[in-house]
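Here are my notes on the model, point by point. Please read them with the structure open.

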Amino acid sequence: MIPLADYHVHTTFCDGKNTPEEMVLAAIEKGMTAIGFSGHSPLRQLGEGWCMTEESAAQYRAEITRLKEKYADKIKILCGVEQDFCSETPTEGYDYVIGSVHILNFGDAWAPVDFTARSQLAAAERFCGGDIYAFCEAYYRTVAGVIEKTHCDIIGHFDLVSKFNEGNRMFDERDSRYIA
């Protein structure tokens, strides 16, 4: 039997809605054997809001360490980080690293991948001449380098560029350009 665990958990330290302790208690209640927190690494290109700051990252690690000790007899708790490709924050001191791509670099500008469908299409228009497949290619090219750049243990949501593409409303996922 595969153990019930989740290693991609966000909290109020980044864009989650619950505190780490609330998440631990919910995991215990659901019979999980392990929970891994993966706060979004600081990402200066987008400012604060959905990711940790340098200061809150230290508080985050301290809180997860406290919870590891407090609930050691009930659940295994790991302190990870979701390191964005564009983040320059060191990842030492974490139990594991999830490497992800949330924004793309186009020269001196940054384009969000997963904010809204509208922002994704606007980025494709601005940086790729309206060619959504070129935008997708830039995304997957960046994902292809995420292991080398972040030295991650896990790749997070490797197909994030398709987040808003339900029913192929932005592009056809069967198109040969997308498949390539």
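1. Strand 4 (residues 96-100) and strand 7 run parallel and are joined by two bridges. Gly-99 has Ile-155 of strand 7 as its bridge partner. Strands count as paired if DSSP finds at least two bridges between them. Helices (H or I, at least four residues) and strands (E, at least two) are DSSP runs, numbered from the N terminus.

2. A word on the basis. This is a predicted model: local features need pLDDT of at least 70, side-chain atom pairs count only at pLDDT 80 or more, and totals for chains, interfaces and linings use all residues. Residues are numbered from 1 along each chain as its sequence is written, and side-chain values use heavy atoms, with hydrogens and water left out.

3. Five strands make an open sheet with parallel pairing, in the order 1-2-3-4-7. Strand 1 (5-9) and strand 7 (154-155) are the edge strands, and each pairs on one side only.

4. Strand 4 again. On its other pairing, five bridges tie strand 4 to strand 3 in the parallel sense. Here Gln-83 has Gly-99 as its bridge partner. Five of the five residues of strand 4 are buried (under 20% relative accessible area, with exposed over 50% and partly exposed in between; 1.4 Å probe, protein chains only). Tyr-96, Ile-98 and Ser-100 point one way, while Val-97 and Gly-99 point the other way.

5. Helices on the sheet. Helix 1 lies across strand 1, strand 2 (34-40) and strand 3 (76-84), and runs at about 150° to strand 2. Helix 2 also packs on the sheet, where it touches strand 2 and strand 3. The direction of helix 2 makes about 160° with that of strand 3. Axes are lines fitted to C-alpha atoms, for helices over the stretch in contact, and angles run from 0 to 180 degrees between N-to-C directions.

6. Helix 1 against helix 2. The axes of helix 1 (residues 20-29) and helix 2 (residues 54-70) come within 10 Å and cross at roughly 35°. Pro-20, Glu-21 and Val-24 of helix 1 meet Glu-63, Ile-64, Arg-66, Leu-67 and Lys-70 of helix 2. Contact means heavy atoms within 4.5 Å. The contact residues are four nonpolar, no polar and four charged. For these classes, Ala, Val, Leu, Ile, Met, Phe, Trp, Tyr, Cys and Pro count as nonpolar, Asp, Glu, Lys and Arg as charged, and the others, Gly among them, as polar.

7. Helix 3 against helix 4. Helix 3 (residues 117-128) and helix 4 (residues 132-144) pack at about 95°, with axes 9 Å apart. The two are therefore roughly perpendicular (65 to 115 degrees; under 35 is roughly parallel, over 145 roughly antiparallel, the rest oblique). The contact uses Gln-120, Leu-121, Ala-123, Ala-124 and Cys-128 of helix 3, and Ile-132, Ala-134 and Phe-135 of helix 4. These residues divide into seven nonpolar, one polar and no charged.

8. The hairpin. Strand 5 (residues 103-106) and strand 6 (residues 109-112) pair in the antiparallel sense over four bridges. Leu-104 stands opposite Ala-111. Two residues separate the strands, and Gly-107 in the turn has a positive phi of about 70°.

9. One residue to check. Is Ala-34 buried or exposed? Ala-34, in strand 2, is buried, at 4% relative accessible area. Its contacts beyond four places in sequence are Leu-4, Ala-5, Asp-6, Tyr-7, Ile-75 and Lys-76.
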